[in-house]
Every structure is written in C-alpha cells, then in structure tokens.
Amino acid sequence: MFRAELDAIDIRILKELQADGRMTNVELAARAGISAPPCLRRVRKLEEAGIIEGYTAMLNAPALGYDLVAFCMVGLKHQSEANLKAFAAATGEWPMVRQAWMVSGDSDFLLHCVAENLTRFQDFVIEELTANPQVDTVRTMLTIRQVKKVGLVEL
C-alpha cells in the first residue's frame, strides 16, 4: 500500500493512532467518522501493509532514572559495505543506543542514546563506542531539554 492509495479516512485513522495508540476501535471509528467494523478492517489493512509498524508505550525516561539523553556522531575508519554493516550490527548490541541512523555528511552514523547519568554515558563512549574497531571519530552532544515531541510522521 502506497500513500497514494490512502484515502482521507485512512489518514484520519493514522493521525488518531499516532496521537493515542491505546484508544479502542469504537473510539477510533467515531473519531474517523465511520462505524467500528470497517474501521477495524482498515486498521488491519494498514498493519498488514506495514504502514502501522506496531504499538508502543512512550515512557518518561527521567521518572525511570534515565536522566541523560545524548547524540553521538560517529565517523568510521572506512566506509566499505562490510564496515558499515558491522557497525550497524554493533549498534543493535548496545542497549543505551535507542535509535541509530546511517547518515551522509561529516559523519557516518548518528546515535540517539539514553543513559542513567553522565558517568554511564562516558563509560559507554570510552569502553564500547570508541573501542569499536570500525570507529574513527566520535562527537557527542548532550541535550539540555526536549522542546518538542510529536509523532514521527506528519499527516
């Protein structure tokens, strides 16, 4: 299913689910302006097409003791396909790395990290990240405060 195949009701369903993935199908149907059975069919179709990838809870990291959010710009020694794949695989082994992107420009990867505190983050950078054999450079950016948090796709 491509975006061109989505109608206005599909878009409303996606907007509503992105804002609140816990609502019941009945509530979603009411917000989308349709009855519950066709709403459920549409949601299932969007899930099967991979447009809806899943449902998660958004957690309050500081309330759970994770007070530090940082970004790491990582440059590799060599940008061969094997090195890129090896480093991408390594990011999957690091629990502190919550999201990772391969990027263009001065760096090869951008890592979004969440840690309990600065010491844990520094230990990760020194003992794991810079120790990785593919890594040449690491630039870290500590966040001060999040000023915007919305769904990942503008609909």
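What percentage of the 155 residues of the protein count as buried? In this predicted model, the figure is 29% of the 155 residues. The secondary structure consists of five helices and four strands, which follow the order α-α-α-β-α-β-β-α-β from the N terminus. The protein is more spread out than a compact globule, because its radius of gyration is 20 Å, well over the 15 Å that the globule rule gives for 155 residues.

**Dimensions and contacts**
- Along the principal axes, the C-alpha atoms occupy a box of roughly 55 × 40 × 25 Å.
- Among contacts with a separation of 6 or more, 64% join residues 24 or more positions apart.

- In soluble globular proteins, nonpolar side chains tend to be buried together.
- The largest nonpolar core comprises 20 residues, and Val-74, Phe-87, Leu-111, Cys-113, Phe-121, Phe-124 and Leu-129 have the most contacts inside it.
- Two or more residues of this core come from each of strand E1 (68–76), helix H4 (81–91), strand E3 (109–115) and helix H5 (118–129).
- Strand E1 contributes the most to this core, with five residues.
- Leaving aside residues up to four places away in sequence, Phe-124 touches Trp-94, Met-96, Val-97, Cys-113 and Leu-129.
- A second, separate core has 15 residues, including Leu-6, Leu-17, Ala-32 and Cys-39.

**Surface and charge**
- The accessible surface of the protein is about 10,600 Å², and carbon and sulfur atoms account for 53% of this area.
- The protein carries 17 positive and 20 negative side chains, with the centres of the two sets 7 Å apart.

Methods
Residues are numbered from 1 along each chain as its sequence is written. This is a predicted model: local features need pLDDT of at least 70, side-chain atom pairs count only at pLDDT 80 or more; totals for chains, interfaces and linings use all residues. Side-chain values use heavy atoms; hydrogens and water are left out. The radius of gyration is taken over C-alpha atoms; the globule rule is 2.2 Å times the number of residues to the power 0.38. Buried means under 20% relative accessible area, exposed over 50%, partly exposed in between (1.4 Å probe, protein chains only). Contact means heavy atoms within 4.5 Å. Accessible areas come from the Shrake-Rupley method with a 1.4 Å probe; for residues, only the protein chains shown count as cover. Lys and Arg count as positive and Asp and Glu as negative; His and the chain ends are not counted. The place of a charge is taken as NZ of Lys, CZ of Arg, CG of Asp or CD of Glu. A nonpolar core is a set of buried Ala, Val, Leu, Ile, Met, Phe, Trp, Tyr and Cys residues joined through side-chain atoms within 4.5 Å.
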